[in-house]
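The sequence and the structure are shown first.

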Amino acid sequence: MNLRDIVDQLALEVCAAEEKLDTEVTGGYASDLLSYVMARAKEGNVWVTMQSHVNVVAVASLVNLAGVITTEGTKAEPATLEKANQEGIPILATKLTTYTVAGKLYELGIGNEDIDG
Amino acid sequence: MRELSLHILDALENSREAGATHVELTIAEDLVADRLTITIRDNGCGMNEETLARVTDPFYTSRKTRHIGLGIPLFQAAAERCNGELVITSQPGKGTMLRAVFQHSHLDRAPLGDMTGTLLSFVLGGVCDLSYLHRVNEREFAFSTAEIKAELGDVPPSHPAVREWLRSFIAEGEATLIPLSV
């Protein structure tokens, strides 16, 4: 499944890097602690968070994540979106909670067995 | 990060990488003013204004292996999330001062965490001297590795017996502050 399918299924708003929506998603990870995402998320994962700081783009780029879903109506700052466009990291916004987004991703068959075993 | 001590260790390692031979670490917890202030002062190589302006930018790093450095940006974001700030001043050839301020009672403030392990890891990690002061309101715990090393003479701090003594010395010192340090 790629990001575009997820955007369609969850009715996400594409805020940055629209040209990268064909990226295949390998799994999912949800956390607001960036250090944990850096250490635990896997390449190609979609990351679900309510953080919107430019550091989010740095972590996503470092780990080679497929994209970031920002939850609960969090609006990423202009600086964050600008960097996301430069780095090619899709930022996808929703009003849903992180919990609900993770549940819906699982329904779509996106798990994180690589991490939880 | 889950603990402020991890940010502190990261910043101390920056000082070491800057070639510092002496680092001053002060943790001041003022529960009346509701402030937790972490100050790190080193005598390392320092930074010019151009570099200084970029250290809080996650897409800047002194490393050549990758183009992203998140140590300082994460420390800064943690402080700002807790009604605080992170300030760095530096003079090339003289050294660098980093100060992170947090609202002590802020719900999102991470606990200070394992200071004993953090201090021990830094002290045993190399030749850089450390002056440490942890204050909680009126109470203080302080030590200087230069003084400890002078007393040890030829015995290296990494000697198992010294290491164990250091661990309990720091743990006991920190414990005297705990009842107020939440």
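## The interface between the chains

Buried area is the accessible area, found with a 1.4 Å probe, that two parts lose on being put together, summed over both. In this predicted model, chain A and chain B bury about 1200 Å² between them, and 70% of that area lies on carbon and sulfur atoms. On the side of chain A, the residues that lose the most area to chain B are A:N55, A:A58 and A:L62, which together account for 35% of what that side buries.

Contact here means heavy atoms within 4.5 Å. By this rule, 16 residues from chain A and 12 residues from chain B take part.

## Salt bridges

A salt bridge is a side-chain nitrogen of Lys or Arg within 4 Å of a carboxyl oxygen of Asp or Glu. The count over all chains is 7 salt bridges, while the count between chain A and chain B is 0.

One salt bridge joins the side chains of A:D22 and A:R4, at 3.2 Å from N to O. The pair links distant parts of the chain, 18 residues apart: A:D22 is in the loop between strand 1 (13-16) and strand 2 (27-30) of chain A, and A:R4 is in helix 1 (residues 3-10) of chain A. Helices (H or I, at least four residues) and strands (E, at least two) are DSSP runs, numbered from the N terminus.

Two packed helices are described by the angle between their axes and the distance between the axes. Axes are lines fitted to C-alpha atoms, for helices over the stretch in contact, and angles run from 0 to 180 degrees between N-to-C directions.

Helix 3 (residues 54-63) and helix 4 (residues 78-87) of chain A pack at about 20°, with axes 8 Å apart. These two helices of chain A are therefore roughly parallel to each other (a term for angles under 35 degrees). The contact is made by A:V54, A:V57 and A:S61 of helix 3 and by A:A79, A:T80, A:K83, A:A84 and A:E87 of helix 4.

## Helix packing in chain B

In chain B, the axes of helix 1 (residues 4-17) and helix 4 (residues 115-124) come within 9 Å and cross at roughly 15°. Helix 1 and helix 4 of chain B are therefore roughly parallel to each other. Helix 1 contributes B:S5, B:I8, B:L9, B:L12, B:E13 and B:R16 to the contact, and helix 4 contributes B:M115, B:T118, B:S121 and B:F122.

## Conventions

Residues are numbered from 1 along each chain as its sequence is written, and chains are lettered from A and ligands numbered from 1 in the order in which they are written. Local features need pLDDT of at least 70, side-chain atom pairs count only at pLDDT 80 or more, and totals for chains, interfaces and linings use all residues, while side-chain values use heavy atoms, with hydrogens and water left out.

How values were computed:
Angles under 35 degrees count as roughly parallel, over 145 as roughly antiparallel, 65 to 115 as roughly perpendicular and the rest as oblique.
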